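Hi,

Here is the structure I said I'd pass on.

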Number of protein chains: 2
Amino acid sequence: MKTSDLTTPALIADSKILETNIATMASKRPGRELRPHVKAFKSTAMAKKLVDAGHETFCCATIRELEGMVKAGFGSDLLLANETLDAKRIGELLVEGNCRITVAVDSLETIDAAVFAGVKEVLIDVNVGLQRCGCSPDEAGFLSEKAKASGLKVRGVMGYEGHLMHDPNVRRRTEKTQESMELLILAHEAVGGDVISGGGTGTWECNQAVTELQAGSYVLMDGDYSKLDLPFKEGLLLLTTVISTSKSGYAVLDGGLKALSVDSGNPKLLGEGEVIFCSDEHTTITNGSWTVGQRVGLRPSHIDPTIAKHEFIYLVEEIEESLDAELLETLKIDLRGW
Amino acid sequence: MKTSDLTTPALIADSKILETNIATMASKRPGRELRPHVKAFKSTAMAKKLVDAGHETFCCATIRELEGMVKAGFGSDLLLANETLDAKRIGELLVEGNCRITVAVDSLETIDAAVFAGVKEVLIDVNVGLQRCGCSPDEAGFLSEKAKASGLKVRGVMGYEGHLMHDPNVRRRTEKTQESMELLILAHEAVGGDVISGGGTGTWECNQAVTELQAGSYVLMDGDYSKLDLPFKEGLLLLTTVISTSKSGYAVLDGGLKALSVDSGNPKLLGEGEVIFCSDEHTTITNGSWTVGQRVGLRPSHIDPTIAKHEFIYLVEEIEESLDAELLETLKIDLRGW
């Protein structure tokens, strides 16, 4: 089967780039020094490739992701790198056994929810500058004591410097990441434990403070991360078909807002031309020459919410060479939803 | 079961508003004068409500939608209001029988694809000003002749004035819609047939030219359409849980870019407060007072790509009164994908 046999729109990925990205990361962050973030690709088939590369611990953002990873046999050390008040389903997974699940907590309420549901291990989630989850660094010790007093094991701390992840200036990104991680280290001194978890694709190299890096997007990258000076290459493409052309100089592709996310900007065309706009099921492009029926590739600007719109990623030998490549493997996106 | 039993994020909808929106539209556009657009809600359970309101013809944007509608028994007169080069699956549906499917064509290539696949009936899709599909009005007669010469029945024309759909100035929207529809009427004079199909929720009243209106978003509306002077009310809500609060004055909800689309702007909070930003699985809000564990509702800005991210919509008696309402019905979003 070839990509030309696929119904469009369809997500295809370059297997060589995927392999190289995974190997590049594993060479600098081998084994447990990387805790790949499943939220980026929501696929146990992709997780399997990371297991094959030597990683055995994973981050999840949702309980659905935890459930799927345990079911697929990748539950030996999972971190819900997110707060939840609904830990009951995690407790049920733990009762079924054959898995280890650590949950991020940042408040008395999330500690209580973890205890109530039968969770055994937590990390104290610390705010290191991103306006999102995490307690303030000076509360970390207090919450850790409360968690321990409730019978929880506190494995350490986590803190995600997401506000620095896309800074194009590498020196500033590095400096700010160091400042940000100083907060996490201070919190860790108060909390203790083996784990300092944080970071992501954008700070994979400049974050030297964490014991484990929470990166996921690096596997196939996206337009937004590709603006940075990273060694990882873009390998994901929305394959579309030109369904209409106009003498006014534009053409229309059969994939749009339901097939890729534009929160980080419009997709980029593989090859000539520019995107004018995306609508629900279409993308209108210009400044190029296309014929009806031609296949055209779009590079998504943001990998995570784009993959979450699809049932499958089709792996091909090499995308750049031909849009009509042989299909090597189909990765099911089986961890969508909540 | 109540909304408090739902895992968040979850889409809930107000059944009274849904009922009123459907009735309001049906009173002005009864039966076949409306051809509801399935793309807005991607659910045969929702389509059933429109059948119950007297509509029996539907628009689809994708072949998956056509297949699902036929399987659900709503295939008596379906229009693929979109071009396709991949009509083979439509041909297979027609061979299986018990359905009537008309396909939009705007080029010799799409006519050939329809003929090749065994499609019997088409509409000539005419560009009425939106930079998307549709032949130029003066080509419509030529394409119609070509289609007829190829053995296709040409039922008429369609033209979608999507570029006018969200104009907040009702007088300008009306005038521009009339100008736009004059192009469609000219094309219809050259093409013939019973059908002049077009329009949408934003032009439901000012478009008097079409024999059938292609509206879908009106059933539950969204933040973008609610800026207009329409009698339809917003009835869709993303139910989320506050998972973290900060002394710096913000709170974090457990639903973000994977649960709602921000292509038309950030969601609005039901009740006090404002959205600062959405990230993959979170929305950070401010200017209000929230406690961890509290349920908070977000009004999506764009209904179509938001619903397409979910497996279900949960219908409740009335959203405004309480976020802990009894669940009346679960609508499966069964027409996602392509």
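In chain A, the C-alpha centres of domain 1 and domain 2 lie 33 Å apart. Domain 1 of chain A covers 3-11 + 232-332 and domain 2 covers 30-214; the bounds come from an automatic or database domain assignment. Bear in mind that this is a predicted model, where local features need pLDDT of at least 70, side-chain atom pairs count only at pLDDT 80 or more, and totals for chains, interfaces and linings use all residues. Residues are numbered from 1 along each chain as its sequence is written, while chains are lettered from A and ligands numbered from 1 in the order in which they are written.

Back to the domains of chain A: six residues from domain 1 and seven residues from domain 2 make the contact (two residues count if their C-beta atoms, placed from the backbone, lie within 7 Å). On the domain 1 side, helix H8 (303-307) and strand E16 (327-332) of chain A each supply at least two residues, and H8(A) gives the most, with three residues. Helices (H or I, at least four residues) and strands (E, at least two) are DSSP runs, numbered from the N terminus. That side of domain 1 of chain A has four nonpolar, no polar and two charged residues (Ala, Val, Leu, Ile, Met, Phe, Trp, Tyr, Cys and Pro are nonpolar, Asp, Glu, Lys and Arg charged, and the others, Gly among them, polar).

Next, strand E1 (residues 10-14) of chain A. Five of its five residues are buried, so E1(A) is largely enclosed by the rest of the structure. Buried is 20 or more other C-beta atoms within 10 Å of the residue's own, with C-beta atoms placed from the backbone. A:Ala10, A:Ile12 and A:Asp14 are on one side of the strand, A:Leu11 and A:Ala13 on the other. E1(A) pairs with strand E9 (residues 236-245) of chain A in the antiparallel sense over four bridges (pairing takes at least two bridges found by DSSP), and A:Ala10 has A:Leu239 as its bridge partner there. Four bridges also join E1(A) to strand E15 (residues 312-316) of chain A, this time parallel, with A:Ile12 partnered by A:Tyr314.

Over in chain B, seven strands form an open, parallel sheet in the order E2-E3-E4-E5-E6-E7-E8. Its edge strands are E2 (58-60) and E8 (212-213) of chain B, each pairing on one side only.

Finally, the two chains: a rotation of 180° with 0.0 Å of shift along its axis superposes chain B on chain A, RMSD 0.0 Å (least squares on the C-alpha atoms of residues with pLDDT of at least 70 in both). The copies are thus related as by a two-fold rotation axis.

Cheers

How values were computed. A residue is buried if 20 or more other C-beta atoms lie within 10 Å of its own, exposed if 12 or fewer, and partly exposed in between; C-beta atoms are placed from the backbone.
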